[in-house]
Amino acid sequence: MSAEREAAEVATVVAAAEAGPAEDVSSQPPSAEAMGNAQPPEASDGAAAAALPPLRCLVLTGFGGYDKLKLQSKPAAPPAPGPGQVTVRVRACGLNFAEIMARQGLYDRSPPLPFTPGMEGAGVVVAVGEGVNDRKVGDRVMVLVRSGMWQEEVTALSAQTFLMPESMTFEEAAALLVNYITAYMILFDFGNLRPGQSVLVHMAAGGVGIAALQLCRTVENVTVFGTASASKHEMLKENGITYPIDYHTTDYVEEVKKISPKGVNIVMDPLGGPDTAKGYNLLKPMGKLITYGMANLVSGPKRNLMTIARIWWNQFSVTALQLLPANRAVCGYHLGYLDSEMELVSGVVTRLVALYNQGHIKPHIDSVWPFEKVADAMRQMQEKKNVGKIILVPGPEKEN
Ligand SMILES: NC(=O)c1ccc[n+]([C@@H]2O[C@H](COP(=O)([O-])OP(=O)(O)OC[C@H]3O[C@@H](n4cnc5c(N)ncnc54)[C@H](OP(=O)(O)O)[C@@H]3O)[C@@H](O)[C@H]2O)c1
């Protein structure tokens, strides 16, 4: 979309906002729900609303296959952010593995059905609520919410938005927050990664995986083992992996031990089930395993009860008595449960933006899909075809 067209569109929305909200919500504090889930605008009968085209949103209507996500539209209303909130015209959204799990009913931070998924995105501020001094109309921002991002317009707390660096595209901005915050906190806050250490990164060619590789590269002399399908290995080497391992054809535990008999300092575990125990047993003394996902629960387009039973049966558990002589740590990380810790998260984003500006990190975009093609976008991830981040744009395809 051209800068002129974008400016004109923002101006239209701002003019509608200035014409007055459908109902006065300015005296209402944001609800607890609004703290986490981005709110769709309310429908309005006003003349200003009539001038606005309807807003498109993706809605998860039930648990199951790709067809459970529907593209819907709703009447637009002039943006009316509450105190502390901003309204953002969305330009790009990130697709995360959690949304694959949510569609199958396997994600514990989802709101009740039906709901609009999406935890992250980027766009332009079109209205600011009372008391918001750090954002203004026209700001390009990244947005982090618990859900509700996959729609054309989103209202969220200003604390859930982050100014985009000038040189960053909307697609890159939509790819940064969830993947890089996760990789950063795992490697540096829990992992305490230091020069000369070694890391095992599973799903290394995915969104979090590539973020982890790039962040490992910011520390001197780090050896990175990573599991990924063979076709992705060349690209992983460009992003700093030391030893790519095709887990479809090779036993990654044996492979790591061949090269580093004592194991590794940090294991990033997004897989769960039997892989957590394998990771734990690969730790050197003083090593840390950080568990942050359960991708092994997903074995097809729909939830498979046999797979779930098998993964839970093989779930790793360890007692304090076993940990003590082992000189190892096991940590759990879930960004979705840090939504009341925005100050902490915001500190990480500040450091990530600095790393981006210094050229140390750059989100790798696998593909960009319009809302209409959300099923294809999800298939791309679920069928293990993606290298890097999958992006959704409100569309239509050619305009973005
Ligand atoms: N705890 C948190 O706060 C947090 C935040 C973000 C992400 N995560 C977790 O981090 C992991 C990566 O997430 P992401 O969004 O970056 O996704 P992603 O890595 O881009 O996911 C897709 C890739 O994962 C690999 N994969 C491994 N097992 C898979 C399976 N059962 N089904 C489909 N693909 C599988 C495939 O690549 P290969 O074939 O090359 O392996 C596939 O291309 C997920 O487990 C996610 O839940 C956790």
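Trainee: Why does the ligand lie between domain 1 and domain 2?

Mentor: Domain bounds come from an automatic or database assignment. Here domain 1 (55-175 + 365-393) and domain 2 (179-337) both give residues to the shell around the ligand, so the ligand lies between them. A caution: this is a predicted model, where local features need pLDDT of at least 70, side-chain atom pairs need 80 or more, and totals for chains, interfaces and linings use all residues. Residues are numbered from 1 along each chain as its sequence is written, and side-chain values use heavy atoms, without hydrogens and water.

Trainee: Which residues come nearest to the ligand?

Mentor: A residue is near if one of its heavy atoms lies within 4 Å. Of the 26 residues around the ligand, S229, Y247, Y292, L335 and N386 come nearest.

Trainee: Which atoms of S229, N386 and L335 lie by ligand oxygens?

Mentor: Look for polar contacts (pairs of N or O atoms within 3.5 Å). A side-chain N or O atom of S229 is 2.6 Å from a ligand oxygen. For N386, a side-chain N or O atom is also 2.6 Å from a ligand oxygen. L335 uses a backbone N or O atom, at 2.7 Å.

Trainee: How much of the ligand does the protein bury?

Mentor: Accessible areas come from the Shrake-Rupley method with a 1.4 Å probe. Alone, the ligand exposes 920 Å², and the protein buries 93% of that.

Trainee: Which helix gives the most to the shell?

Mentor: Helices are DSSP runs (H or I, at least four residues), numbered from the N terminus. α5 gives the most, with three residues.

Key. A polar contact is a pair of N or O atoms within 3.5 Å; within protein, one must be able to donate a hydrogen and the other to accept it, and residues adjacent in sequence count only if both atoms are side-chain atoms. Helices (H or I, at least four residues) and strands (E, at least two) are DSSP runs, numbered from the N terminus.
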